[in-house]
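Let's take a walk through this structure together.

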Amino acid sequence: MANASCNALYDHQFTTLEGKPFNLCDYQDKPILVVNTASKCGFTPQFEALESMFEQYKSQGLLVVGFPSNDFKQELAEDKKIGDFCKMTYGVKFPMMSKSAVRGSDVNPFYKQLIDQTGTAPKWNFYKYVIAPNGTKVTAFSSMTKPDSDSIMKEIKPYLK
């Protein structure tokens with residue numbers, strides 16, 4: 001059911017790895033860094049920079065959100081194992097959603113919108129999207145682009161408070 005006060009891009013309910021509800025509408029006024037993750041990928045150490053950015057900039061409005069996916073066959077089987085791995089290995093505290101598809105025919109609806117808006121589907125794990133507040137701009141970045149790179153920070157910093 002659509003929420004009239006919520007921009008369509010944000011009108012999604014998710015469940016976190018801990019089984020808690022997560023309403024993206026609550027964050028539509030913030031810059032958001034969205035990333036599809038996998039526990040067994042060469043890019044997995046990017047969790048460190050993602051968590052560091054979240055800790056450094058959350059008080060200024062930045063939200064980092066992870067979407068674990070097994071689309072590239074590198075994710076653990078169960079949400080609990082994914083959550084334990086992220087917390088114990090990288091100290092991840094930013095919101096991590098329940099495992100879902102981020103591309104293909106069973107792509108989750110939020111990622112379908114990100115793909116439609118940018119013309120770019122994730123080509124691998126740790127593909128990133130920066131969403132400007134209220135969805136005014138969505139920019140895609142490859143897995144090779146570090147989360148705290150100048151190009152990503154250029155998209156985020158104008159919206160930090």
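The buried residues of helix H3 are covered by several elements, among them strand E1 (13-15), strand E3 (32-37), strand E4 (63-68), strand E5 (128-131) and strand E6 (138-141). Helices (H or I, at least four residues) and strands (E, at least two) are DSSP runs, numbered from the N terminus. What covers a residue is judged by contact, meaning heavy atoms within 4.5 Å.

Before going on, please note that this is a predicted model, in which local features need pLDDT of at least 70 and side-chain atom pairs count only at pLDDT 80 or more, while totals for chains, interfaces and linings use all residues. Residues are numbered from 1 along each chain as its sequence is written, and side-chain values use heavy atoms, with hydrogens and water left out.

**Helix H3**

H3 spans residues 109-118, and its buried residues are Phe 110, Tyr 111, Leu 114 and Ile 115. Here buried means under 20% relative accessible area and exposed over 50%, with partly exposed in between (1.4 Å probe, protein chains only). Seen down the helix axis, the buried residues of H3 fall within an arc of 135°, so they line one face; the arc is that of the directions from the axis to the C-beta atoms. An α-helix has 3.6 residues a turn, so residues three or four places apart point the same way. On the face turned away from the buried side, H3 carries the exposed residues Pro 109 and Asp 116.

Just after H3, Gly 119 has a positive phi of about 75°.

**Strand E3**

**Nonpolar cores**

A nonpolar core is a set of buried Ala, Val, Leu, Ile, Met, Phe, Trp, Tyr and Cys residues joined through side-chain atoms within 4.5 Å. The largest core has 27 residues, of which Leu 33, Phe 47, Leu 50, Phe 94 and Ile 156 touch the most other members. E3, helix H1 (46-57), helix H2 (79-90) and helix H4 (150-156) each supply at least two residues of this core, and the largest share, 5 residues, comes from H1. Phe 47 touches residues including Thr 37, Cys 86, Phe 94 and Phe 126, not counting those up to four places away in sequence. A second, separate core of 23 residues includes Tyr 10, Cys 25, Ile 32 and Leu 63.

**Cysteines**

The whole structure holds 1 disulfide, a term used for a pair of cysteine sulfur atoms within 2.5 Å. Cys 6 is joined to Cys 25, S to S 1.8 Å, and the link is left-handed, with -100° about the S-S bond. Cys 6 lies in the segment before E1 and Cys 25 in the loop between strand E2 (21-23) and E3, 19 residues apart. Cys 41 is in no disulfide, and the sulfur of Cys 86 is 12 Å from that of Cys 41, too far for a bond.

| Residue | Relative accessible area |
|---|---|
| Cys 6 | 9% |
| Cys 25 | 10% |
| Cys 41 | 9% |
| Cys 86 | 2% |
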